[in-house]
Amino acid sequence: MLLAGLGLALAGGATASTSSAWMAVDKASEAACKKASGFPDAVAGPPVHFSDRFLVDARLVKGTYPQAHMKGAKGAMLCLYNRRT
């Protein structure tokens with residue numbers, strides 16, 4: 001919740017972008033974050049868009065650890081996606 005509040009406090013400056021451009025970035029960040037998590041059943045939460053000054057979106061990704069020694073444990077990871085690269 002704190003991260004979401006921080007994201008809202010830092011948000012702004014991106015109002016000139018089109019909604020279709022934001023949808024494309026959201027789709028790319030979701031795919032990249034799911035892949036980076038390594039979870040076979042990854043589910044990415046909604047993005048927290050930081051301002052254009054930082055060019056970062058944050059997502060919480062949840063899933064099941066694939067490693068045998070984790071014995072099917074559930075986990076969550078914070079993914080920071082750089083919108084520039």
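The accessible surface of the protein comes to about 5800 Å², and carbon and sulfur atoms account for 64% of that area. Areas here were computed by the Shrake-Rupley method with a 1.4 Å probe, and for residues only the protein chains shown count as cover. The model is predicted, so local features need pLDDT of at least 70 and side-chain atom pairs count only at pLDDT 80 or more, while totals for chains, interfaces and linings use all residues. Residues are numbered from 1 along each chain as its sequence is written, and side-chain values use heavy atoms, with hydrogens and water left out.

**Confidence**

The mean pLDDT (the predictor's confidence in each residue, from 0 to 100) of the protein is 85, with 81% of residues at 70 or more. Confidence is lowest in helix α1 (residues 2–10), where the mean is 41, and highest in strand β1 (residues 43–44), where it is 98. Over residues 1–14 pLDDT stays under 50, and for this stretch the model has 19 contacts beyond four places in sequence. A contact means heavy atoms within 4.5 Å.

**Overall architecture**

Two helices and four strands make up the secondary structure of the protein, in the order α-α-β-β-β-β from the N terminus. These elements are DSSP runs numbered from the N terminus: helices are H or I runs of at least four residues, and strands are E runs of at least two. Of the contacts between residues at least 6 apart in sequence, 48% join residues at least 24 apart. Buried residues make up 28% of the 85 residues. Buried means under 20% relative accessible area, exposed means over 50%, and partly exposed lies in between (1.4 Å probe, protein chains only).

**Individual residues**

Ser29 is found in helix α2 (residues 19–37) and is buried, with a relative accessible area of 0%. Beyond its neighbours within four places in sequence, Ser29 is in contact with Arg59 and Tyr81. The side chains of Ser29 and Arg59 are joined by a polar contact of 3.0 Å. A polar contact is a pair of N or O atoms within 3.5 Å; within protein, one must be able to donate a hydrogen and the other to accept it, and residues adjacent in sequence count only if both atoms are side-chain atoms.

Leu80, in strand β4 (residues 74–82), is exposed at 59% relative accessibility. Together with Leu60 and Leu78, Leu80 forms a nonpolar surface patch of about 300 Å² of accessible area. Patches consist of residues with over 30% relative accessible area and no salt bridge, with like charges joined within 9 Å and nonpolar side chains (Val, Leu, Ile, Met, Phe, Trp, Tyr) within 5 Å. A salt bridge is a side-chain nitrogen of Lys or Arg within 4 Å of a carboxyl oxygen of Asp or Glu.

Most residues other than glycine have a negative phi.

Arg84 is found in the segment after β4 and is exposed, at 66% relative accessibility. The C-alpha atoms of Arg84 and Val56 are separated by 8.3 Å, with the two residues 28 apart along the chain.
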